[in-house]
Amino acid sequence: MSTTTVAHHDEHTDHPTGIMRWLTTTNHKDIGTMYLTFSLIMFLVGGSMILGIRAELFQPGLQLMNPDFFNQLIGVHALIMIFAALMPAATGFANWMIPLQIGAPDMALPRLNNWGFWLLPPSAILLTLPFALALFGIGDGALATGWTFYPPLSIQGGIGVDFAIFAVHLLGISSVLGSINIIVTLFNMRAPGMTFMKMPMFAWGWLITAFLLIATIPVLAGAVTMLLTDRHFGTHFFDAAGGGDPIMFQHLFWFFGHPEVYILLLPVWGFIPQILQTFSRKPMYGYKAQVYSFWAIGALSVVVWAHHFFTAGLPVPALLYFMYSTMAISLPLAVLFFCWIKTMWRGSMSFETPMLFTVGWIILFGIGGLTGLVLADVAADAQYHNSYFVVAHFHYTLFAGGIMGIMAGVYYWLPKMTGHMYNEKLGQLHFWLTAISFNLTFIPQFFLGLAGMPRRIPDYALQFAEFNMISSIAAFVLGLSQLIFVYNIISTVRGGKKATDQVWEGAEGLEWTLSSPPPYHSFSEQPTVK
Amino acid sequence: MLKQAMKKIGFGLFLLLTAPLALAEYRWNFPEPVTPMALDTLHVHNKFMLIVAVIFVVVLAIMIYSLIKHRKSIGHQAVADKAPSTATEIFWTLIPFVILLVIDFVIMGIPAYHSVVMMEDTRNESDMVLKVTGSQWRWQYEYMGNTDKGSQDGLVDAKGIKFVSNLSTPQNQVDGTTPPVDTPDSPYLLDVDNRLVLPVGAKVRILMTSTDVLHNWWVPQFGSSRLAVPGFIRETWVQVDKAGTYRGQCKELCGKGHGYMPVVVDALPKEEYAAWVALKKNEINEQAAGADKEWTKDELMEQGKVVYEKNCAVCHMASGAGLPPAFPALTGSKITTSQIFDADGKYLPDSHMDRVLNGVRVMPAWKALLNDTEIAAVITYERNALGNSVGDVVQPAQVKAARQ
């Protein structure tokens, strides 16, 4: 290829147009856009499911749905939010931003990248199809076991369980493919001069995430496959009558499930210091400390899994080990919180929407983290376990700590991606509505849990009525405020005030050296990092 | 005029806002603990909550100070762009690390250790043993007898008492056709037909198991919660120190009836407990006698209706229509209308008797849950009601024979 065609390449982007562009694309920005769009759609789907639940729980007595449908909604809500909303959002940002941040022209394995994305829509269909089939009298609806698939309940279940197992297989393959791609890209395609210890925090977060995914997804795939053979092919992995053990499934599931929490959070922990340094106009504090903390959390995350089932009857030494190792996660997290706050300290802060979301994120994720520390205590966990206290706790970590962090990232990079500024007023309105209604939804749930309301029940005793009503009303406000977010994104994509290349006054990093929006093929000339 | 109206509205709002606070003080924390374990849990919980609240407030205060003082809009300039030396950075980041190290493993870790050891000590000093079996969607209690210590202490031995405890909230309230009714004696969704009765002050070692899926036996005021695993025995213990009625629920998703398997425990002083044990034992003797006599069809139908509505209607519906495809109809079904016994009086495979006794897939094996009379009655009822009219009768003696 002669140099003239390379130079020419930028203006003349010869790719198919229309639907074929999106089906066949291997461009990291196109694939990133598809991931993010898919994630937004599934966020709304998963959200509407939970609004159905909150409507049912608005007052005591069954009004809207039967208990079986209720159980289907809670399980599919969780699977969609985790696998189809939060994970694809992080992968979408990885596709968009990692090549731009490390000065690479694209991801290392572009065709694999395309395949990784196109496995997602079929798996989303597999997850939700049983709802539709049940309407036509086929099967008895979707997975009704909660997202955790615990046998023997999942062995009793209908075709929804099989659909969910295959959906998890596809989602797992997609995640592993994405992870391989990110690892290969980060190891081989960093711009000259960008050593590992100069990589942006977001790239670091994703590198650890990718290793965790590759380490744990096969275990999940194995566990659900064992479930499948128990269901249909006469094996007894999880059946005591055949020498198996139902609790073994919980060990396998949470060997994946606990690292999964950090898989969802590490990319977001990468956003936070970058956004903080931009809006504090001051370099982030403790880069090395943060990188080492990421490693420590990644390593600890695979050795603490049994704290998800302390009440299952583990021996005392195991209880003590899992309690203390779980508490140990707070040590690197304390270092991270310290670095984030120290980055703001004596800066020159301004509070545009991404910064608002980030500051709100630190406070709310802090609540999630601190309640997690209390949950690690085995004796008290006997009370918290499977009560609404836990529901509130993990929504502070996954909605506030996950989704709100993603939202900070969306507002931060959307001008770079689209070339237009979003509507700042609407963005701030979205933040305040989200933060307030989120707290009003979940603070009552802490108290419900303490008072003794178990999770996953379709109807409840009258003593729980007031808090449930507050929680339901706030959940609807929370759900509806997300429409502002959707509107703001769509109108920013379609037009608006032009964004500058640097977008934010304090933004630093390779992605801000490109035009807004960046050219279809960026860095055809390799940048160097000093 | 308007002012007065506003005042009234304001006062009304004030009442509305404060009423729940005054009425429901306990709802802001765990309910009153009545066992040593729950008391310990409450203390640990309060202490840890205080610790994390202090951490939260201190960190938040530092952050808010920074958010107010170090903002561009009031002209604060960012300090010079100078990276700290590695030594300084290590020093500063070690401070939060060490603070948390002390909090985690000393301030929280030591009391947490003692709580765990106490919680798992199910055997030492125990007075009696109780077996709790979870099934979809009811609890079964079986008194396994006193330990040596219990007998020495003069605790009356309840060995042999065994019963099933079902939700007693009427079905039409549960399925939402009529609004919930709540009384202090029988709170909505939190009352059962047969309550578990325990003696006050006795340490009860609880063996936990399940016949089908995972369940979790939980009474918040007891502080203990343990998974019931089919095919395995798990242990926990309670020692209720205060007489009263305590209510809890199943805490592990166990299917569509998960929200409808409450736990209700009456803790009675030792003398009242002894009286209850005597009454219960008498009842068992009467039932045993009943199983040997010949029952009339009307008697069986009458009891069968009660058993059906308590145990079967949740899946097969009160009308017998079921919820196909998961829960088949009994009205006109092959199993409820075909022959049960062969010429020798043995029950046929896949017959009505086989299905009720042994279950299949989601259908529980009722032989562990119902006595001979109850099984005979419910089979007779299902064959001669719910739109069926086979006309035959199953006697308790036949069920007794079928169990062999």
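## Basis of the model

Residues are numbered from 1 along each chain as its sequence is written, and chains are lettered from A in the order in which they are written. Because the model is predicted, local features need pLDDT of at least 70 and side-chain atom pairs count only at pLDDT 80 or more, whereas totals for chains, interfaces and linings use all residues.

## Where chain B meets chain A

In this model 86 residues of chain B are in contact with 79 residues of chain A, two residues being in contact if their C-beta atoms, placed from the backbone, lie within 7 Å. The elements giving two or more residues to this side of chain B are α2 (36-69), α3 (86-120), β7 (224-228) and β9 (244-250) of chain B, and α3(B) gives the most, with 17 residues. Helices (H or I, at least four residues) and strands (E, at least two) are DSSP runs, numbered from the N terminus.

## Two helices of chain A

Helix α17 (residues 424-451) of chain A packs against helix α18 (residues 465-494) of chain A at an angle of about 155°, and their axes are 8 Å apart. Axes are lines fitted to C-alpha atoms, for helices over the stretch in contact, and angles run from 0 to 180 degrees between N-to-C directions. α17(A) and α18(A) are therefore roughly antiparallel to each other, a term for angles over 145 degrees.

## Arg195 of chain B

Arg195(B) lies in the loop between α5 (171-174) and β4 (196-199) of chain B. Leaving aside residues up to four places away in sequence, Arg195(B) touches Ser165(B), Val264(B), Val265(B) and Asp266(B).

Key. Angles under 35 degrees count as roughly parallel, over 145 as roughly antiparallel, 65 to 115 as roughly perpendicular and the rest as oblique.
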